[in-house]
Amino acid sequence: MPAPLSAQTIATVKATVPALAEHGLAITRRMYQRMFQDPAIAALFNQSHHGDAGSQPRALADAILAYAQNIDRLEVLAPAVERIAQKHAGLNILPEHYPAVANALLPAISDVLGDAATAEVLGAWGEAYWFLAELLIGREAQIYRAMAEARGGWNGWRPFVVERVERESAVITSFTLRPQDGGPVLRHRAGQYLTFRLDIPGQVPGLKRNYSISSVPGGETYRISVKREPHGVASGWLHDHAAPGTVLQVAPPAGDFFLAERPARPVVLVSGGVGLTPMVSMLEEIAARHPDLPVHYVHGTQDGATHAMGARVRALAAAAPGITATTFYQCPRPEDLEGADYDVAGLITPEWLLRHTPAAEADVYLCGPVPFLRSLVGGLAAAGVPAGRIHHEFFGPADALLAA
């Protein structure tokens with residue numbers, strides 16, 4: 001645990017809150033410009049989240065503002081710190097990478113705030129940054145140690161071979177991965193993701209992407225189920241080129257979104273689109289280890305063409321007496337049969353969940369695009385579901401959702 005921040009540092013950082021609220025995005029954009037002048041540092045990041053239209057600079061600006069606002073009560077930030085540490089572990093962020101951030105953040109503050117970035121302000125933010133960095137470094141060391149010591153575990157990048165490719169829908173394909181060394185795999189927690197380092201011709205080497213694991217924990221392989229995004233460099237390459245025999249570099253399972261080891265109450269799983277991937281892993285785990293647990297899985301997709309893994313979900317529900325499954329099609333096609341292919345036409349709403357599932361007294365797990373989560377997370381919270389029972393994951397910088 002780092003030494004506590006001084007009272008003067010806390011007061012100085014809190015005094016910068018108005019400036020951060022106004023200029024935070026400009027600061028983080030400038031910070032990333034400085035950092036990415038070093039190709040080795042740029043390669044650590046998912047570049048699809050950056051640039052003028054990227055979500056990461058905004059997410060970081062919101063996170064820095066939240067840190068300044070709560071620097072005198074850091075317990076409020078504990079969940080965010082854990083999520084960041086898990087993301088860093090997936091990306092193989094190491095202690096030697098932290099100085100690059102400090103060396104970019106403090107000059108960026110000076111560049112944007114000008115004369116208002118006094119020596120006192122920069123000194124306070126330097127102390128505050130390294131306090132948080134030491135917290136993260138300590139937690140990440142624990143995560144790395146646990147990964148390396150567990151059966152089948154590893155640190156860094158490990159080569160996996162694509163063993164099987166299965167088309168799940170018009171837009172989603174599953175890839176089953178086996179370690180090239182023939183060894184066991186680390187047992188993931190249902191809901192976690194893998195990070196991939198991809199060297200794609202014509203792209204900057206070492207693209208990083210996260211894909212949720214859609215298979216049951218405890219097997220000899222992992223399965224990921226990937227949606228082909230309209231302009232997705234990585235997803236398009238996987239769909240077009242990752243045939244059986246392809247070798248991919250993979251980091252250990254990571255993430256703080258996962259099913260409880262021993263669920264203490266009913267569970268409601270809710271997904272939109274490709275957000276079903278961690279939910280299928282959870283359903284597999286529930287069917288295998290908790291078949292009598294009351295579970296309601298609600299999934300929404302565009303129509304039958306985009307509906308992935310429907311047969312697998314129905315089979316899991318039939319095998320486990322506690323599982324109920326409901327499927328929403330936003331715009332059913334004429335050939336999509338209500339009662340067979342789907343159950344409800346339209347969008348999933350908080351009101352429907354509260355009327356038709358035990359959401360009011362359950363642990364609710366949600367995964368999907370940001371608008372989907374904004375509606376459901378906000379609606380459930382407004383209806384009185386405690387925040388501690390609403391768990392969410394989505395594909396992008398997590399703080400963007402929290403800020404929204």
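Trainee: In this predicted model, in which helix is the place of Glu-149, and is Glu-149 buried or exposed?

Mentor: The place of Glu-149 is in helix H7. Its relative accessibility is 63%, and exposed means over 50%. Glu-149 of helix H7 therefore counts as exposed.

Trainee: What separates the C-alpha atoms of Glu-149 and Ala-308?

Mentor: Along the chain, Glu-149 and Ala-308 are 159 residues apart.

Trainee: What does Leu-248 touch, not counting residues up to four places away in sequence?

Mentor: Leu-248 is one of the core members that touch the most others. With residues up to four places away set aside, Leu-248 touches Arg-158, Pro-159, Phe-160, Val-162 and Leu-177, and also Phe-196, Leu-198, Trp-237 and Leu-238. Of these partners, Phe-196 is itself named with Leu-248 among the members touching the most others.

Trainee: How many residues form the other core, which lies apart from the largest one?

Mentor: Another nonpolar core lies apart from the largest one. Its members include Ala-190, Val-267, Leu-316 and Ala-317. The number of residues in this core is 25.

Trainee: Where is Glu-261 found, and is Glu-261 buried, partly exposed or exposed?

Mentor: Glu-261 is found in the loop between strand E6 (247-250) and strand E7 (267-272). Its relative accessibility is 33%, which lies between the limits of 20% for buried and 50% for exposed. Glu-261 therefore counts as partly exposed.

Trainee: Which residues are in contact with Glu-261, leaving aside its neighbours within four places in sequence?

Mentor: Glu-285 is 24 residues from Glu-261 along the chain, and their C-alpha atoms are separated by 9.7 Å. The contacts of Glu-261, once neighbours within four places are left aside, are Arg-189, Arg-289 and His-290.

Trainee: What is the value of phi in Asn-92, and what is it in Met-309?

Mentor: Asn-92 is in the loop between helix H5 (78-91) and helix H6 (98-113), and Met-309 is in the loop between strand E8 (295-301) and helix H10 (310-319). With a relative accessible area of 18%, Asn-92 is buried; Met-309 is also buried, with 7%. Each is a residue other than glycine with a positive phi, near 60° in Asn-92 and near 65° in Met-309.

Trainee: Where does Ser-6 lie, and is Ser-6 buried, partly exposed or exposed?

Mentor: Ser-6 lies in the segment before helix H1 (7-15). The C-alpha atoms of Ser-6 and Asp-256, 250 residues apart along the chain, are separated by 31 Å. With a relative accessible area of 30%, Ser-6 is partly exposed.

Trainee: Why is the protein as compact as a globular protein of that length?

Mentor: The protein has 13 helices and twelve strands. For 404 residues the globule rule gives 22 Å, and the radius of gyration is close to that value, so the protein is as compact as a globular protein of that length. The radius of gyration of the protein is 22 Å.

Conventions: Residues are numbered from 1 along each chain as its sequence is written. This is a predicted model: local features need pLDDT of at least 70, side-chain atom pairs count only at pLDDT 80 or more; totals for chains, interfaces and linings use all residues. Side-chain values use heavy atoms; hydrogens and water are left out. A nonpolar core is a set of buried Ala, Val, Leu, Ile, Met, Phe, Trp, Tyr and Cys residues joined through side-chain atoms within 4.5 Å. Buried means under 20% relative accessible area, exposed over 50%, partly exposed in between (1.4 Å probe, protein chains only). Contact means heavy atoms within 4.5 Å. Helices (H or I, at least four residues) and strands (E, at least two) are DSSP runs, numbered from the N terminus. The radius of gyration is taken over C-alpha atoms; the globule rule is 2.2 Å times the number of residues to the power 0.38.
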